[in-house]
Amino acid sequence: MSKARWSVALLVVALAMAGCSRSSSSSKGSSGTTSASGSAAGAGDFGNLSDVCGPGDAKGATEQGVTDTTIRVGTMADPGASVQPGLDQELFDTATAFVDWCNAAGGILGRKLQLDQWDSKLTEVAARMIQACGVDFSLVGNGEAFDSAGVDQRVKCKLPEIAAYTVSKEAGRAPYSMEALPASDHQSAVGGPLRRLKEIDSSIIGHAGQISSQLQSVKDAGDRDRAALKALGYTQVYYDESPILVDNYRPYAQNLQSKGVQVFLFENAPDNLARLYQSLDDINYTVKYGIFAGNMYDPKLIKNGGAALKGNVLVATSQVPFELASTHPATKQYIDILSKYAHAQPKSLGVNAWSSWLLFAKAAKDCGSKLTRSCVLDKASAVTDWTGGGLHASTTPGNASQPANPCFLFMRATPTGFVYDKEATAPTKDIFNCTPSNSFNLPGYPTS
């Protein structure tokens, strides 16, 4: 595979949107890992959710992967990609932590979870999906950079998924698929933040810039962001689409300078945003505001950007930041469980995955002894006001047909780390700005 296509995969994952231990009863195969661990009693509460997991007397071989004693579930990600070993490893770490934690509490009404970890390695999505189709009850907390390659196989075998994220249009509204934290295909992820920025500093609305991407799956999000700028009355003085591989960001920095851009968007990956800020620093130009989607909430931006992170570098997210874990018990609990069972550090996509696992467990518990795929999807689809026990702002689980979450907060990226910017956020509910007008439809969307 060409270097360009590998780079495509890393960019797509970054925009979808980072030491794993196994229990003593885990076993690895060539393409999956199966574990059925932990029988010790333990608390099955998570955050403000009571008895997510625990003992019970649910019975019946009601569906593929379900027995009197077990529920066989899978997750899928790309950590075996040779170009970047460990890609999306946080999805596997979160799956391991959830399954071991849940089983230690007694399973789901007494049925223990048995986990398959399908490594799609970027290019093996279809092959792994066929394997999952043959054994699993459902996929949970999964995410594949080239997810469109597995849609046909999954739909044909009617394998449900409650995914951590989807990327392609095909996967976004595919049958038997939903997300705990859905990404909208007809609203912009930065619509609310851009609306709030107008309140903060209206002087900059005539000086907007944007560097989108030539990669279509990324450009789709960029087009929605561009439409949001127009809908909110911003004037774009500079627009560009970068190729997949950029050797030098200095020309883009010079364009931002020559056009007098005072607020800009960048649909890309955090390490590339760091390179762009380094180029801006090299030419001694500071853009007053950068407004970026939640995938930029990544330690790589701080590590690689360093002292070049000048101006107001604002990342919008609907998740409770890890920096605020001391005052948000669910986030602290997630970090502790992840450390205990997977010996891993938290990352943003892991929160997506954990929320999906919680939603699956709640739905499966509600189904009881009548545990079927259709029941789980029906129960999960009926959930509203979902916060993952307090991990993120309230949302309605579903697929890409859902509106964007109206709640967000700003994390300011500084040379020494991320800081919650309460003043810029102007919170209306806990730490989030949930002004209803943050969520608005874009003319002409969704596109066919």
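Let's start with a helix pair: Leu-359, Phe-360, Ala-363, Ala-364, Asp-366 and Cys-367 in α12 meet Cys-375, Val-376, Lys-379 and Ala-380 in α13, where contact is taken as heavy atoms within 4.5 Å. Before I go on, this is a predicted model, with local features needing pLDDT of at least 70 and side-chain atom pairs counted only at pLDDT 80 or more, while totals for chains, interfaces and linings use all residues. Residues are numbered from 1 along each chain as its sequence is written, and side-chain values use heavy atoms, with hydrogens and water left out. The helices (H or I, at least four residues) and strands (E, at least two) are DSSP runs, numbered from the N terminus.

Back to our pair. Helix α13 covers residues 373-381, and α12 packs against α13 at an angle of about 115 degrees, with the axes 8 Å apart. Those axes are lines fitted to C-alpha atoms, for helices over the stretch in contact, and the angles run from 0 to 180 degrees between N-to-C directions. The crossing of α12 and α13 is right-handed; that is, the near helix is turned clockwise from the far one by less than a right angle, with anticlockwise being left-handed.

Now to α11, residues 329-342. With 14 residues at 1.5 Å each, α11 should span 20 Å, and its end C-alpha atoms are 19 Å apart, which agrees; the expected span is 1.5 Å times one less than the number of residues. Which residues of α11 are buried? They are Ala-330, Thr-331, Tyr-334, Ile-335, Ile-337, Leu-338, Tyr-341 and Ala-342. They cover an arc of only 165 degrees around the axis, so they sit on the same side of α11; the arc is that of the directions from the helix axis to the C-beta atoms. On the other side of α11, Pro-329 and Lys-340 are exposed. For the record, buried is under 20% relative accessible area, exposed is over 50%, and partly exposed is in between, using a 1.4 Å probe and protein chains only.

What covers those buried residues of α11? The cover includes α2 (89-104) and α12 (348-367). Take α2: the axes of α2 and α11 come within 8 Å and cross at roughly 90 degrees. That makes α2 roughly perpendicular to α11, on a scale where angles under 35 degrees count as roughly parallel, over 145 as roughly antiparallel, 65 to 115 as roughly perpendicular and the rest as oblique. From α2, the contact uses Asp-93, Thr-94, Thr-96, Ala-97, Asp-100, Trp-101 and Ala-104, and from α11 it uses Gln-333, Tyr-334, Ile-337, Leu-338, Tyr-341 and Ala-342.

One more pair, α8 (residues 250-258) and α9 (residues 270-282). Their axes come within 8 Å and cross at roughly 60 degrees, so α8 and α9 are oblique to each other. In this case α8 passes α9 in a right-handed crossing. Arg-250, Tyr-252, Ala-253 and Leu-256 of α8 make the contact with Leu-276, Ser-279, Leu-280 and Asp-282 of α9.

On to the loops. Val-66 lies between β2 (33-35) and β3 (70-77), and at 4% relative accessibility Val-66 counts as buried. Its C-alpha atom is 7.9 Å from that of Leu-371, a residue 305 residues away along the chain. Beyond its neighbours within four places in sequence, Val-66 is in contact with Gly-60, Ala-61, Ile-71, Arg-111, Phe-137 and Leu-371.

Finally, the backbone. Most residues other than glycine have a negative phi, and most peptide bonds are trans. Where does Lys-121 lie? Lys-121 is in the loop between β4 (112-119) and α3 (125-135), and its phi is positive, about 50 degrees, although it is not a glycine. Lys-158, in the loop between α4 (151-156) and β6 (161-163), has a positive phi of about 60 degrees. Lys-121 counts as partly exposed at 30% relative accessibility, and Lys-158 counts as partly exposed at 48%. His-343, which follows α11, also has a positive phi, near 50 degrees. And a cis peptide bond joins Tyr-445 and Pro-446, with omega about 0 degrees; Pro-446 is in the segment after α14.

Thanks, everyone!
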